[in-house]
Amino acid sequence: MSPPPDGASVAQRIAHSFPNLSQSHREVARYVLDHPLKAATLPVAELADLVGVSVATANRFARALGFDGYAQFRAALVLGFEGALAPVEKLRGNLEQPADPASVIDATFAAIARNLEATRAGLDAGACEQAVAAIQAARRVYIVGFGSSSWPAGLLARNLDLTRQDVSLLATIEGPAFAARVLRRLTADDLVIVLATPRYFADTVRLADQARESGATVLALTDGPHSPIAARATITLGVRTDSRYFAASDASLAALAEALSSAVAHGSGGLVAAATQLTESVLPWLDGDYAAWPLRSSSAARPHDSGSAAWAHDSATAAPPCHDGAAPDPDPEP
């Protein structure tokens, strides 16, 4: 049998060698494929014990895959999970440094501010113009974002829907299968906006491939040129996503989604009419006096908040609310 290709992952090596593996080696292979992250952290004796084979068998398994021995095999496994394990190792280091909650919150806001400033400074004006023009010109706009990216994707879809039709968010409870089914109808006149930051979902990458192969324009909102989405995009807008406690900060991606939809709204020409129509449509759904908030009268009652002493004080001194729309009588009859 020919050797596995250079640079092949452990999973690819197993698939390549599996037909010629012994039964005991196949048992080890199945365990590694089912528990790759755990196998990457186990010494050879522990792996052999869990699978129910000898240490010599585990070592021979590694050599059957083309490695010099178990140590090289495990190093390859760890390397394959280096990106996925990085946030875990980063979190481990941060938790070893004592800090009170207020300090953590303050540091998080400071990190978000740095991310936002770096994102703002790093945006290319030409790419921003291309992105807005692509959104405005597209026949249909599809938005793809899974995991933590689904929230900024939803924000982008919600805002773009204000100024243009045929905006579809493809993050549903059905998952990537729904997105793949919808994207099969793509044409060159369509735009697919893909949002992805670490850790990148393989489904997101596959859907970006599908969109690009269909001839549609692909706009990537991601964390830089190293992202697997950037290589598949027609236009890329990058964000800084550094975070001490998570794989990536979502704040910059959400801010970019809002900034991009703001630029589209500004250039739409019909924003005032669209906003007026939206306000009229949602007015019946607003709760009570909040429909007219903020009220013009400085003496009008404010919303009650049982958790705020200031609100409680204001409520006690303000005039009672008038539910029929009339102003309170400053000199009521006895």
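Q: Arg 30: buried, exposed or partly exposed?
A: Partly exposed, at 35% relative accessibility. Keep in mind that this is a predicted model.

Q: What does the Arg 30 side chain meet in a salt bridge?
A: Glu 27. The N to O distance is 3.3 Å.

Q: Where do Glu 27 and Arg 30 sit?
A: In helix α2, residues 23-34. They are 3 residues apart, so about one helical turn separates them.

Q: And how accessible is Glu 27?
A: Glu 27 has 36% relative accessibility. That makes Glu 27 partly exposed, because the class runs between 20% and 50%.

Q: How many salt bridges does the count come to?
A: The count comes to 7 salt bridges. One of them is in helix α12: Arg 206 with Asp 203, closest N and O atoms 3.0 Å apart.

Q: How far apart are Arg 206 and Asp 203 along α12?
A: They are 3 residues apart, about one turn of the helix. The helix covers residues 202-213.

Q: Is Arg 206 buried or exposed?
A: Exposed, because its relative accessible area of 54% is over the 50% cut-off. Asp 203 is partly exposed at 31%.

Q: Which residues are linked in a network of salt bridges?
A: Arg 139, Arg 140 and Asp 190.

Q: Switching to the sheet. What is the strand order?
A: β2-β1-β3-β4-β5. The sheet is open, has 5 strands, and its pairing is parallel.

Q: Which strands stand at the edges?
A: β2 (167-169) and β5. Each has a single partner strand, so one side of each has no neighbour in the sheet.

Q: What does the twist average?
A: It averages 15° from one strand to the next.

Q: How many bridges join β1 to β2?
A: 3 bridges, and the two strands run parallel. β1 covers residues 141-144. Val 141 stands opposite Val 167 in β2.

Q: Which strands does α12 touch?
A: β1, β3 (191-196) and β4 (217-222). So this helix, the one holding Arg 206 and Asp 203, packs on the sheet. Its direction makes about 160° with that of β3.

Q: What about Ser 249, where is that?
A: In the loop between β5 (235-238) and α13 (251-266).

Q: Buried or exposed?
A: Ser 249 is buried, because its relative accessible area is 10%, under the 20% cut-off.

Q: What does its side chain reach?
A: The side chain of Ser 249 reaches the backbone nitrogen of Ala 251 at 3.4 Å.

Q: Beyond its sequence neighbours, which residues does Ser 249 touch?
A: Ile 112, Asn 115, Thr 241, Asp 242 and Ser 243. Of these, Asp 242 forms a salt bridge with Arg 240, closest N and O atoms 3.7 Å apart. Asp 242 is partly exposed at 47%. Arg 240 is also partly exposed, at 39%.

Q: Aromatics next. How many pairs in the whole structure?
A: 3 aromatic pairs. Phe 61 and Phe 73 make an edge-to-face pair, because their planes are at 80°, over the 60 degree cut-off. Their centres are 5.7 Å apart.

Q: Which helices does that pair link?
A: α5 (residues 55-64), with Phe 61, and α6 (residues 70-80), with Phe 73. The two residues are 12 apart. Phe 61 is buried at 0%. Phe 73 is buried at 0% too.

Q: And what is the geometry of Tyr 70 and Phe 73?
A: Centres 5.4 Å apart and planes at 50°, so the pair is tilted. Both lie in α6, 3 residues apart. Tyr 70 is buried, like Phe 73.

Q: Which residues form the aromatic cluster?
A: Phe 61, Phe 67, Tyr 70 and Phe 73.

Definitions and conventions
Residues numbered from 1 in each chain as written. Predicted model: local features only at pLDDT ≥ 70, side-chain atom pairs only at ≥ 80, totals over all residues. Heavy atoms only, no water. Helix = DSSP H or I, 4+ residues; strand = E, 2+ residues; numbered from the N terminus. Buried < 20%, exposed > 50% of the residue type's maximum accessible area, 1.4 Å probe, protein only. Polar contact = N/O pair within 3.5 Å; in protein donor to acceptor, adjacent residues only side chain to side chain. Contact = heavy atoms within 4.5 Å. Salt bridge = Lys/Arg side-chain N within 4 Å of Asp/Glu carboxyl O. Pairing = 2+ DSSP bridges. Axes fitted to C-alpha atoms, helices over the stretch in contact; angles between N-to-C directions. Phe/Tyr/Trp six-rings, centres within 6.5 Å; stacked < 30°, edge-to-face > 60°. Lists of a residue's contacts leave out its neighbours within four places in sequence.
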